[in-house]
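Here are my notes on the model you sent. They are set out as numbered points, to be read beside the structure.

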Amino acid sequence: MSTLNILTDTTPEPRQRLPKWLKRPLPEPGMAFTSNVIDDLKLVTVCESAKCPNRTECWSHKTATLMILGNVCTRPCGFCSIAKGKTETVQLDEPERVAEAAVRLGLEHVVITSVTRDDLPDGGAEHFYNCILAIRARMDADIEVLTPDFRGDRKAIQRVIEAHPDVFNHNTETVPRLYHRVRRNAVYQRTLDLLLQVKETDPTIVTKSGIMLGLGETREEVLEVCADLRAVGCDMITIGQYLQPTPQNLPVERFLPPEEFDEVGDQVRAMGFKLVASGPFVRSSYNAGEMASVLGKDS
């Protein structure tokens, strides 16, 4: 079986020039509309905070992934550009502003994520619950949550499940061997346990996870992670290229060509996932509505 290259030298290297297949489209008129809605309602998006390469395309189509619970994270993940440090006070009116944004943007599939808030007793689970209910009170839309692991607190996870999101997403991000530098303070088994709890508690909720490639993992490790996810009933998986958001983040060790993503995707589909998205620009929330729509048609 072929493998993804592993670099043993951990010395930071200059940022590599992006290959031609990683160029993105120019903004369209809808981008300004989306930006104005976000600014007017004083909301935060992971699109901006995490420097997502798909922001121009998504915002031009009047869609965005709303990030709740502030813009400062308590976890020092090596891949993420979101600020770390002193967290912000939870804004109790945020659920209503999130719902208003979903209405103004005309979203049919609303994606809500958050920073990790290990400083909160429930990790922010109640705030997720309130956001889901606020959207449901205003509109008939599918709701997808992309949550942190809540430190494995089953009561906190249960609270989010009780709001019955249509899709419950929690990312694996990378392979277990790389957690110590890519996803510090996270536990691989905790991620699997969260997804299993969701599926065992409410089998009607679609479960989803995502992994980044290009950080030094091997093909075998990637397939092992996907097999573990399938074993806990994970329905959907996204597989994309890691891109270094700032010079302070981990460097890209390898840019995989699109055809290699196709190969990986085919191997993962054979495991029985209901939907697999694999490609350089695939992200957890990118085209999330289209993914969920396809899954709904196939169910």
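1. At what angle do helix 8 and helix 9 pack, and how far apart are their axes? Helix 8 (residues 188-201) and helix 9 (residues 219-231) pack at about 35 degrees, and their axes are 9 Å apart. Axes here are lines fitted to C-alpha atoms, for helices over the stretch in contact, and angles run from 0 to 180 degrees between N-to-C directions. Helices (H or I, at least four residues) and strands (E, at least two) are DSSP runs, numbered from the N terminus.

2. A word on the basis of these notes. This is a predicted model, in which local features need pLDDT of at least 70 and side-chain atom pairs count only at pLDDT 80 or more, while totals for chains, interfaces and linings use all residues. Residues are numbered from 1 along each chain as its sequence is written, and side-chain values use heavy atoms, with hydrogens and water left out.

3. The residues between the two helices can be listed. From helix 8 come Y188, L192 and L195, which meet E224, V225, D228 and L229 of helix 9; contact means heavy atoms within 4.5 Å. By class, five of the residues in this contact are nonpolar, none is polar and two are charged. Ala, Val, Leu, Ile, Met, Phe, Trp, Tyr, Cys and Pro count as nonpolar, Asp, Glu, Lys and Arg as charged, and the others, Gly among them, as polar.

4. For the protein as a whole, there are eleven helices and ten strands. Of its 299 residues, 57% count as buried, where buried means under 20% relative accessible area, exposed over 50%, and partly exposed in between (1.4 Å probe, protein chains only). The accessible surface comes to about 13300 Å², and 52% of that belongs to carbon and sulfur atoms. These areas come from the Shrake-Rupley method with a 1.4 Å probe; for residues, only the protein chains shown count as cover. Among contacts with a separation of 6 or more, 76% are between residues 24 or more positions apart.

5. Cysteines next. The count of disulfides is zero, a disulfide being a pair of cysteine sulfur atoms within 2.5 Å. C226 is buried, at 0% relative accessibility, and C131 is buried with a relative accessible area of 0%.

6. UniProt, in an unreviewed entry, lists C47, C52, C58 and S285 under "binding site". UniProt positions are given in the numbering used here, feature names are shortened, and annotations may be inferred rather than shown by experiment. In the model, S285 sits in the loop between strand 10 (275-278) and helix 11 (288-298). S285 is buried, at 18% relative accessible area. Neighbours within four places in sequence aside, S285 is in contact with T65, V111 and L146.

7. UniProt also places "binding site" (unreviewed entry) at C73, C77 and C80. C77 is in the loop between strand 3 (72-73) and strand 4 (83-84), and C80 lies in the loop between strand 3 and strand 4. C77 is buried, with a relative accessible area of 16%, and C80 counts as buried at 16%. Not counting residues up to four places away in sequence, C77 touches K84, V182, R183, R184 and N249.

8. Two residues deserve a look at the backbone. R151 is not a glycine, yet has a positive phi of about 55 degrees. R151 is in the loop between strand 6 (142-146) and helix 6 (154-162), and is partly exposed, with a relative accessible area of 38%. E173, not a glycine, has a positive phi of about 75 degrees. The loop that holds E173 runs between strand 7 (167-169) and helix 7 (179-182). Is E173 buried or exposed? E173 counts as buried, at 14% relative accessibility.

9. Last, strand 5 (residues 109-114), where H109 is found. H109 is buried, at 10% relative accessible area. H109 and D140 are 31 residues apart along the chain, and their C-alpha atoms are separated by 9.3 Å. T113 is found in strand 5 and is buried, with a relative accessible area of 5%. Apart from neighbours within four places in sequence, T113 is in contact with V46, T65, L66, M67, I68, F128 and L146.
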